[in-house]
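Please read them with the structure open.

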Amino acid sequence: MTPQQYVQQKAVASGSSFYYAFLFLPAPRRAAITAFYAFCREVDDVVDEVSDPGVARTKLAWWQQEVAKAYAGQPSHPVMQALMPHTADYGIEQRHLQAVIDGCQMDLEQTRYLDFAGLSRYCHLVAGIVGEVTARIFGQTDERTTQYAHTLGLAFQLTNIIRDVGEDAMMGRIYLPVSELQQFDVKAHEILKRTYSDRFTALMRFQAERAHRLYDEALALLPDADRRAQKPGLMMASIYRTLLREIEHDNFQVLHQRIKLTPLRKFWLAWKVQALGRM
């Protein structure tokens, strides 16, 4: 299997909404974003799939060394071998990849966040930086697009957090800020035991409203000059925001199940943005 086949397989196997946006890119950009996405999946899987925190830390340390070696001209992992030919063309810097690893390390060290400011710092590393890199690959020409990408990345991550409350609870993680749990009188043990209540629903509605505000803010920040180039990001926004609305429609029944869109619906939403320019 070539490095390119490896990253393609990694992207397809994930079933992620991001994959549907990649389909409409020209081949060189599609190759770059697929390799970058595969890198993000590799380091994220270390945290999600390795049960021993010590082993996970060792694996992340290996990835830190691999990134440093790759930028020194010696990539050994197929993901880095697939990614490195694109780094100069699209401004993918070593600090970007190290930041993503740093975000994954936070998952090993922290299972609670006291307030939204603390959660935002985590989201910056695992989603904002990812948004910055993808915006460059898509063809960013205006510096202001970086702020759009960070804001949209935060909206995506908050949507993920809302969707995954139940799954995260099974791993002992609660990303919803402690101060907001207290604000709505929701106890951590209720979430860990996956117990629904009107208080929980109110808390989740509060989270969803903030995510919607961030989607609106991101779209307002996107400069007109980059709107066409950033269509793949707008496709992802359409898919993720539709997912958020589905979760709201189901009254935030996220503790016992993972609410998701069908592949056909994701493709339709992506195509609609590509062909009609509508979200």
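**Notes on the model**

1. Start with helix H6. Its buried residues are His96, Leu97, Gln98, Ala99, Val100, Ile101, Gly103, Cys104, Met106, Asp107 and Leu108. Buried means under 20% relative accessible area, exposed means over 50%, and partly exposed lies in between (1.4 Å probe, protein chains only). The cover over these residues includes helix H3 (27–49), helix H4 (53–71), helix H5 (78–90) and helix H7 (116–138). Contact here means heavy atoms within 4.5 Å.

2. A word on provenance. The model is predicted: local features need pLDDT of at least 70, side-chain atom pairs count only at pLDDT 80 or more, and totals for chains, interfaces and linings use all residues. Residues are numbered from 1 along each chain as its sequence is written, and side-chain values use heavy atoms, with hydrogens and water left out.

3. Secondary structure. The protein chain holds 14 helices and zero strands. Its radius of gyration is 18 Å, close to the 19 Å from the globule rule for 279 residues, so the chain is as compact as a globular protein of that length. Helices (H or I, at least four residues) and strands (E, at least two) are DSSP runs, numbered from the N terminus. The radius is taken over C-alpha atoms, and the rule is 2.2 Å times the number of residues to the power 0.38.

4. The C-alpha trace spans about 50 × 50 × 35 Å along its principal axes. Of the 279 residues in the protein chain, 53% are buried. Take the contacts between residues at least 6 apart in sequence: 71% of them join residues at least 24 apart.

5. Surface and charge. The accessible surface of the protein chain is about 12600 Å², and 51% of this belongs to carbon and sulfur atoms. Areas come from the Shrake-Rupley method with a 1.4 Å probe; for residues, only the protein chains shown count as cover. The chain has 32 positive and 31 negative charges, and their mean positions are 4 Å apart. Lys and Arg count as positive, Asp and Glu as negative; His and the chain ends are not counted. Each charge is placed at NZ of Lys, CZ of Arg, CG of Asp or CD of Glu.

6. Helix geometry. H6 (residues 94–109) has 16 residues, which at 1.5 Å a residue should span 22 Å; its end C-alpha atoms are 23 Å apart, which agrees. The expected span is 1.5 Å times one less than the number of residues. H8 (residues 145–163) has 19 residues and should span 27 Å; its end C-alpha atoms are 27 Å apart, which agrees. In H8, 17 of the 19 residues are buried, so the helix is largely enclosed by the rest of the structure.

7. Most residues other than glycine have a negative phi. Asp185 sits in the loop between helix H10 (178–183) and helix H11 (188–192). Asn251 lies in the loop between helix H13 (231–249) and helix H14 (263–276). Asp185 is partly exposed at 40% relative accessibility, and Asn251 is partly exposed at 37%.

8. Ile92. This residue is in the loop between H5 and H6. Beyond its neighbours within four places in sequence, Ile92 contacts Tyr71, Leu83, His86, Thr87, Leu97, Val133 and Ile137. Val133 is 41 residues away along the chain, yet the two C-alpha atoms are separated by 6.3 Å.

9. Ala208. Helix H12 (residues 198–221) contains Ala208, which is buried with a relative accessible area of 0%. Leaving aside neighbours within four places in sequence, Ala208 touches Ile162, Leu244, Glu248 and Phe252.

10. Trp62, in helix H4, is partly exposed at 37% relative accessible area. Trp62 touches Ser76 and His77, not counting residues up to four places away in sequence. Leu264, in helix H14, is exposed at 67%. The C-alpha atoms of Leu264 and Leu119 are separated by 33 Å.
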